[in-house]
Structure formats: structure tokens, C-alpha cells
Amino acid sequence: MRSAAMSEPAASASSLPFQRVAIIGCGLMGGSLALALRAAGRAGHITGYSTTPASLQAALDQGVIDQAATSAAQAAQGADLVVLAVPVGAMAPSFAAIAPVLAPGALVIDVGSTKSDVIAAARAHLGPRLPDFVPCHPIAGKEKAGSAAASATLYRDRRAVVTPLPENPSAQVARATSLWRAVGCEVVTMDAAQHDTAFAAVSHLPHLLAFAYVNGLLDQPDGAAFMAAGGPGFRDFSRIAGSEPAMWRDVLLANRDQVLAQSHAFRQALDQIEADLRAGAGDALAARIQQASDARAAWVLGGPGNTSPHDG
């Protein structure tokens, strides 16, 4: 369902919730949020910065941003909303760059897929501005990266996880929550440890398995021929293997302990199925398949009791 806020007419510049927005990282996630905020009538002037000049120029040419900055600090100067949409491994230098220039009361959010490491980086580099940082994770994405894939509707009918800090004033948490609702998200609150455990299971491990599966095919002499023979099952299972490498390198390393725990649980389940195959235990194998089939059939994206895993 389209969020009511998405259909509101554009407000005058002086009444916009965020008159000056800085997008640090102008790829899919940051670019989509810029477009969504503009479409929702929530943002005035949008300045962007990317470490890749071609990406930054593309965002400017496509109207994702209004102005290109030469540094993260320049983009954040005078902004009342700063969005960090960089790989989680780049959060620490990004926080360090923007901390000295943040305007009083500016809201800082991120869109990272891990939270404990991002919060640690914020604590190390934001200093007295830490209370203005509200950690966030919108559960949305595509396997395609870059500003060319950005869409004003990327966040519509998805969930955004907010993991407030003890230092956050309630007003800043409310501003972050309102922002995500304005672009069409349902907002849920989790603590950082709970978040990282849950998403290791439903997002990070599936990506790891997809990468390993495709590499396992390619390592075989006939791997290319096997892939050429693939149909809908291969397409669906392997889709997220096309995700952005630097982003997923950082996510998997940042959340390695939880990912390794989930990988261990997966190996145990795989060992059980392999044991059934070796033994020719058809009834046991059918029971395991039935259990998985029933659970998957009952699952609904964004439904009660799940956190709507995403592609990024």
C-alpha cells in the first residue's frame, strides 16, 4: 500500500523537514533515499559525495542530487540531515570526516547492513555529536548497484530497522522514524546485537551461500556449461550472488562471528541431509524437505514475526 506521506504535495522550502540533505555515498541505497525524500516532499537541496568521481557525476546528471561535493565534509557542511550510505567498512573515516562540520541538531543516519561495528565507529569518531546519530538499516535493495539503479520507490512497503543509542534524544529517534515512514517503510526497533544476529541468519548467510555456490560451479571443469543449462531454480537461488562485492565483503567481515555461527548451523543441517542420502533414507529425507517446505510456504515478506530480509 502506498504510504499516505508519499502522496503529499511538495512543501515550501522553509517548511520542509530537511532543507539541506547530504548523501554520503550516491549508489543504490543513498541515491534511492534522495529520490524518495524528494518525492515525499521531505527534502530541499540535496548535496552528494562519492569517492568514485564517475558515480558522483552520474548522480548529478540523473538528478539524484542537486550538487556534487568534493568531500564528505563539504557535503555535510550546513546539512540538517546527513545520510551515510557507504559500505560499512568505510563508516569510520566517514564519521571522522563529518564530525567537525556537523550543524547543531543535524540528524545523522546510516543505511548499513550491520550495526554493532557501525555504532563502535560512531562512538570512536563522532565525539560530542554521537547523540545525533541514529543507526538505521532499511530492508531493501537490489542485486544491481550504482545510482543508475536508484529508485524513488525502493523503500516503499519495506521495513526499516532503527537501533537507537542510549545517548539519542527521543526527538532525534522520532525524526529518523518519521523519515523512514515518509518514504513508505514500516519501522521496527531492535538493539544492535539482536539486529546483527537476526540478519546474519536471514541475509548475510544466504549471500555467503550464494557466492560459494556459484564459485563451486565455476571451479568445476564443466561449470560454465552447468550454468548455461540453468533454469528458474538456478536463477532464483543464485540471484543475490550478483550483489556488490565491496559491500558484501565488508558486511561479512564486520559480522563474521554471527555469520560463522549461522554457517555452522547450516553445515549441520546439510550434514543431516547428506547422511539421509547416503543411507537411502527416503522417509527421513522427505520429512526434512516437508519441514522446510511448510516453513517457507508460511513465510510472507514483511509479515508478522519476520524482519523482511533484503538483498543488501
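1. Leaving aside neighbours within four places in sequence, which residues is V83 in contact with? In this predicted model, V83 lies in strand 4 (residues 81–84), where strands (E, at least two residues) and helices (H or I, at least four) are DSSP runs numbered from the N terminus. Its contacts, meaning heavy atoms within 4.5 Å, are with A22, I23, I24, L33, I109 and V111. V83 is buried, with a relative accessible area of 0%; buried stands for under 20% relative accessible area, exposed for over 50%, and partly exposed for what lies in between (1.4 Å probe, protein chains only). V83 and A34, 49 residues apart in sequence, have C-alpha atoms 9.2 Å apart in space.

2. A word on conventions. Residues are numbered from 1 along each chain as its sequence is written, and side-chain values use heavy atoms, with hydrogens and water left out. Local features need pLDDT of at least 70 and side-chain atom pairs count only at pLDDT 80 or more, whereas totals for chains, interfaces and linings use all residues.

3. An unreviewed UniProt entry lists residues 21–41 as "transmembrane region"; UniProt positions are given in the numbering used here, feature names are shortened, and annotations may be inferred rather than shown by experiment. In the model, the chain over residues 21–41 is 57% helix and 19% strand, and the C-alpha atoms at its ends are 13 Å apart.

4. Helix 11 (residues 256–279) has 24 residues and reaches 34 Å from its first C-alpha to its last, close to the 34 Å expected at 1.5 Å a residue, the expected span being 1.5 Å times one less than the number of residues. The buried residues of helix 11 are V259, S263 and D276, and what covers them includes helix 7 (192–218), helix 10 (245–254) and helix 12 (282–298). Just after helix 11, G280 takes a positive phi of about 65°.

5. The axes of helix 7 and helix 11 come within 9 Å and cross at roughly 65°, the axes being lines fitted to C-alpha atoms, for helices over the stretch in contact, and the angles running from 0 to 180 degrees between N-to-C directions. Helix 7 and helix 11 are therefore roughly perpendicular to each other, and their crossing is right-handed. The contact is made by D196, T197, A200, A201, H204, L205, L208 and L209 of helix 7 and by Q258, V259, Q262, S263 and F266 of helix 11. Angles of 65 to 115 degrees count as roughly perpendicular, under 35 as roughly parallel, over 145 as roughly antiparallel, and the rest as oblique. A crossing is right-handed if the near helix is turned clockwise from the far one by less than a right angle, and left-handed if anticlockwise.

6. Helix 7 and helix 10 pack at an angle of about 120°, with their axes 11 Å apart, and are therefore oblique to each other. Helix 7 passes helix 10 in a left-handed crossing, in which S203, H204, H207, L208 and F211 of helix 7 meet W248, V251 and L252 of helix 10.

7. D250 is also found in helix 10 and is buried, with a relative accessible area of 11%. Not counting residues up to four places away in sequence, D250 touches P87, V88, G89 and A90.

8. D157 has a positive phi of about 60° although it is not a glycine. The place of D157 is in the loop between strand 7 (136–139) and strand 8 (159–162), and the residue is partly exposed, with a relative accessible area of 47%.
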